[in-house]
Amino acid sequence: MVAGSLLVGFWTLVYVLGRRTGRAQTRREYEALARTDWQAFRRHYNERVQTVEEEFQAWGPFHQHRHEMRYDLVADAVRRVLPPGGSVLDVGCGAALVGERLADLQATYVGVEFGGPNLAYGVKKLADAPGALKSAFAQADAEALPFRGAAFDVVVMSEVIEHLLRPERAVWEVARVLRPGGVLIMTTNNASEAPCRSPLSHLFQWVEKAAGATHPGLISLRPWVWPDPVDRDLLPPGSRDVYVPHTHHIYAETRKLFSAAGLDTFHWSTFEFPPPQSATDRWLERRGPVGRRAVDVIEASARRIPFVRRMGCHLFMQARKAGTPRSESPSAGLWPGPFSGEEAVA
């Protein structure tokens with residue numbers, strides 16, 4: 001009895017201190033995001049962001065193995081919902097890693113990318129790829145897609161929405177270009193990702209993360225920006241640091257956003273266990289091929305454990321266009337970001 005009380009007291013103290021620290025960090029990141037400079041944002045994504053393949057070379061085989069899993073998941077989901085001869089829009093297509101996995105389909109693939117270098121790489125990749133897939137590309141902003149309404153059967157946004165200043169506007173655009181009954185397939189950062197500390201010492205933090213997926217107010221630590229500021233040479237002399245978005249999404253909050261745009265979420269899950277910043281992940285990486293096989297076993301197991309399966313590093317959501325948006329454009333406050341309701345960023 002005494003030992004149990006002491007343990008609960010210890011968990012409570014650790015949780016209270018951790019929650020205070022998490023909320024303070026969340027506040028700092030939100031304030032940093034509010035100071036984002038639009039010109040620096042544009043230059044960063046056009047002049048500094050590497051292609052995924054270039055990042056693979058830097059990361060090594062373990063993290064390439066982990067990273068490619070998401071594109072396999074997305075491509076498999078596209079195959080399940082795409083009608084014969086259908087059309088796919090890949091918003092933020094990057095190096096067309098989803099497109100190349102669909103190359104054998106009798107379908108049309110359209111890739112959109114904000115940054116020019118990534119777009120050029122994706123164009124070349126699919127031009128050189130054998131297969132039946134018809135492809136086209138455009139450089140555009142996800143918040144203002146250059147397509148007519150109801151043009152696509154499937155829209156993909158994989159690891160894109162977290163980088164947007166006004167993600168609610170991109171969701172409205174996705175709803176606009178989807179045909180009735182069409183499907184949005186999205187992956188993004190998960191604010192409910194598992195803590196890096198053991199549940200034996202930080203049990204209540206684990207409970208917060210698991211429950212927070214459906215109760216957003218519980219989440220204390222929610223990253224909003226990329227950890228490093230943009231390169232100084234992209235800024236005017238004497239400028240303060242500028243950060244670009246890297247928002248971690250909360251399932252219930254994002255589902256509410258989808259619903260307001262007329263999109264009905266019919267599937268959600270999470271993936272990537274353990275967190276890439278954890279000691280376990282680093283230990284597995286050092287094991288080489290054995291570590292890659294082991295992490296696949298951990299991945300498959302974690303997705304089957306109640307509550308734990310909510311706590312992968314990435315959200316995987318699928319939503320069907322079931323109606324029309326509640327308003328012509330997203331209302332202020334629908335999304336909690338600092339630019340909610342703004343038409344332009346200064």
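This is a predicted model: local features need pLDDT of at least 70, side-chain atom pairs count only at pLDDT 80 or more; totals for chains, interfaces and linings use all residues.
Residues are numbered from 1 along each chain as its sequence is written, and side-chain values use heavy atoms, with hydrogens and water left out.

User: How many aromatic pairs does the structure hold?
Analyst: A pair of aromatic rings is described by the distance of the centres and the angle of the planes. Rings of Phe, Tyr and Trp (its six-membered ring) pair if their centres lie within 6.5 Å; planes under 30 degrees apart are stacked, over 60 edge-to-face, and the rest tilted. The number of aromatic pairs in the structure is 13.

User: What kind of aromatic pair do Tyr45 and Phe114 form?
Analyst: The ring centres of Tyr45 and Phe114 are 6.4 Å apart. Their planes stand at 85 degrees. The pair is edge-to-face.

User: How many residues apart in sequence are the parts that Tyr45 and Phe114 tie together?
Analyst: Helices (H or I, at least four residues) and strands (E, at least two) are DSSP runs, numbered from the N terminus. Tyr45 lies in helix H2 (residues 38-47), and Phe114 lies in the loop between strand S2 (108-113) and helix H6 (116-128), so the pair ties together parts whose separation in residues is 69.

User: Are Tyr45 and Phe114 buried or exposed?
Analyst: Relative accessible area decides this: buried is under 20%, exposed is over 50%, and partly exposed is in between (1.4 Å probe, protein chains only). Tyr45 and Phe114 are both buried.

User: Why is the pair of Trp224 and Trp335 edge-to-face?
Analyst: The pair links the loop between helix H8 (203-212) and helix H9 (251-260) with the segment after strand S7 (314-321). The ring centres of Trp224 and Trp335 are 6.3 Å apart, and the pair is edge-to-face because the planes stand at 65 degrees.

User: Which residue has its charged end over the ring of Phe266?
Analyst: A charge sits over a ring if NZ of Lys or CZ of Arg is within 6 Å of the ring centre and within 35 degrees of the ring normal. Elsewhere, Arg287 lies over the face of Trp283, at 4.5 Å from the ring centre. Over Phe266, 4.4 Å from the ring centre, sits the charged end of Arg320.

User: What covers the buried residues of H9?
Analyst: The buried residues of H9 include Tyr251, Leu257 and Phe258. Contact means heavy atoms within 4.5 Å. The cover includes H7, strand S5 (178-189), strand S6 (263-271) and S7.

User: How much space lies in the largest cavity?
Analyst: On a 1 Å grid over the protein atoms alone, a cavity is a set of points where a 1.4 Å probe fits but cannot get out, and a pocket is an open set with protein on both sides within 12 Å along at least five of seven lines; lining residues have an atom within 4 Å of a point. Grid points are joined across faces, edges and corners, and a volume is the space filled by probe spheres set on the points. Trp224 and Trp335 are among the residues that line the largest cavity. Its space is about 40 Å³.

User: Which helix gives the most to the lining of the second largest pocket?
Analyst: This pocket holds about 300 Å³ of space. Helix H10 (279-286) and helix H11 (289-302) each supply at least two lining residues. With three residues, the helix that gives the most is H11.

User: Is Thr188 buried or exposed?
Analyst: Thr188 is placed in strand S5. Its contacts, leaving aside neighbours within four places in sequence, include Glu159, His249 and Cys313. Its relative accessibility is 0%, so Thr188 counts as buried.

User: What does Thr214 count as at 31% relative accessibility?
Analyst: Thr214 lies in the loop between H8 and H9. Leaving aside neighbours within four places in sequence, Thr214 is in contact with Tyr251, Ala252 and Arg310. At 31% relative accessibility, Thr214 counts as partly exposed.
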